Amino acid sequence: MHAWLNHLMQLLALPEFGLSTVFVVAFLSATLLPLGSEPAVFGLIKLSPALFWPAILVATTGNTLGGAVSWLMGLGTHKAVDRARGSHVDVRALRWLERFGPKACLMSWLPVVGDPLCAVAGWLKFPFWPCLFYMAIGKFARYLTMTAALLWFFPGALHP
């Protein structure tokens with residue numbers, strides 16, 4: 001088992017596989033699937049430190065495009081928000097989102113609420129491109145901060 005895992009980690013460290021894997025995981029984690037992409041980014045960077053900036057940028061791109069898919073899904077999904085409107089707290093949250101508009105998508109980096117936020121922004125018909133811009137800023141800041149923090153707490157390269 002250890003040899004198989006070691007082989008898989010070496011395979012994922014190759015730029016042609018590692019970055020594409022980071023993209024796919026980051027994309028999927030930006031949907032409503034319960035998946036985190038930070039371990040994939042951190043693992044690739046630990047195995048290939050020279051890929052720090054490419055990994056951050058690829059993860060940001062994948063996660064932002066996944067957020068765009070959530071936005072598009074939210075645009076056509078009225079049922080879920082209609083159910084949420086029955087609750088006073090949810091109505092207050094929708095009013096808060098409407099007040100901030102696309103800038104609320106800066107919060108798309110937050111765990112649990114960030115991905116649904118993109119879908120709600122689409123349902124509220126916020127302009128797509130400004131939402132995408134603010135999503136990208138928030139997601140870039142998250143990957144940069146999280147990866148830098150993990151590297152600070154776990155310094156040194158991995159030796160296969």
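**Figure 1. Contact between helices α4 and α8.** F52, W53, I56, L57, A59, T60, N63, T64, G67, A68 and W71 of α4 meet F128, C131, L132, M135, A136, K139, F140, R142, Y143, L144, T147 and L151 of α8, where contact means heavy atoms within 4.5 Å. By class, this contact of α4 with α8 divides into 16 nonpolar, 5 polar and 2 charged residues; Ala, Val, Leu, Ile, Met, Phe, Trp, Tyr, Cys and Pro count as nonpolar, Asp, Glu, Lys and Arg as charged, and the others, Gly among them, as polar. The model shown here and in the other views is predicted, local features need pLDDT of at least 70, side-chain atom pairs count only at pLDDT 80 or more, and totals for chains, interfaces and linings use all residues. Residues are numbered from 1 along each chain as its sequence is written, and side-chain values use heavy atoms, with hydrogens and water left out. The axes of α4 and α8 come within 8 Å and cross at roughly 140 degrees, axes being lines fitted to C-alpha atoms, for helices over the stretch in contact, with angles running from 0 to 180 degrees between N-to-C directions. The two helices α4 and α8 are therefore oblique to each other, given that angles under 35 degrees count as roughly parallel, over 145 as roughly antiparallel, 65 to 115 as roughly perpendicular and the rest as oblique. The crossing of α4 and α8 is right-handed; a crossing is right-handed if the near helix is turned clockwise from the far one by less than a right angle, and left-handed if anticlockwise.

**Figure 2. Contact between helices α3 and α8.** Helix α3, residues 38-47, packs with α8 at an angle of about 55 degrees, their axes being 10 Å apart, and α3 and α8 are therefore oblique to each other. This crossing of α3 and α8 is right-handed. On the α3 side the contact residues are E38, V41, F42, I45 and K46, which meet R142, Y143, M146, T147, L150 and L151 of α8. By class, the contact of α3 with α8 has 7 nonpolar, 1 polar and 3 charged residues.

**Figure 3. Helix α7 and its burial.** Of the 10 residues of helix α7 (residues 114-123), 9 are buried, so the helix is largely enclosed by the rest of the structure. The buried residues of α7 are G114, D115, L117, C118, A119, V120, A121, G122 and W123, where buried means under 20% relative accessible area, exposed over 50% and partly exposed in between (1.4 Å probe, protein chains only). For the protein chain of 160 residues, 39% count as buried. The protein chain has 8 helices and 0 strands; helices (H or I, at least four residues) and strands (E, at least two) are DSSP runs, numbered from the N terminus.

**Figure 4. Contact between helices α4 and α7.** The axes of α4, residues 52-75, and α7 come within 6 Å and cross at roughly 45 degrees, which makes α4 oblique to α7. The crossing of α4 and α7 is right-handed. G67, S70, W71, G74 and L75 of α4 make this contact with D115, C118, A119, A121, G122 and W123 of α7, and by class the contact of α4 with α7 has 6 nonpolar, 4 polar and 1 charged residues.

**Figure 5. L75 and K125.** L75 lies in helix α4 and is partly exposed, with a relative accessible area of 30%. Not counting residues up to four places away in sequence, L75 touches A119, G122, W123 and K125. The C-alpha atoms of L75 and A121 are separated by 7.7 Å, although these residues are 46 residues apart along the chain. K125 lies in the loop between α7 and α8 and is exposed, with a relative accessible area of 57%. K125 has a positive phi of about 60 degrees although it is not a glycine.

**Figure 6. Nonpolar cores.** The largest nonpolar core has 15 residues, of which L97, L124, F126 and C131 touch the most other members; a nonpolar core is a set of buried Ala, Val, Leu, Ile, Met, Phe, Trp, Tyr and Cys residues joined through side-chain atoms within 4.5 Å. The elements giving two or more residues to this core are α6 (88-100), α7 and α8 (128-153), and the largest share of this core, 5 residues, comes from α7. Apart from this core lies another of 12 residues, among them L19, L44, L51 and F52.
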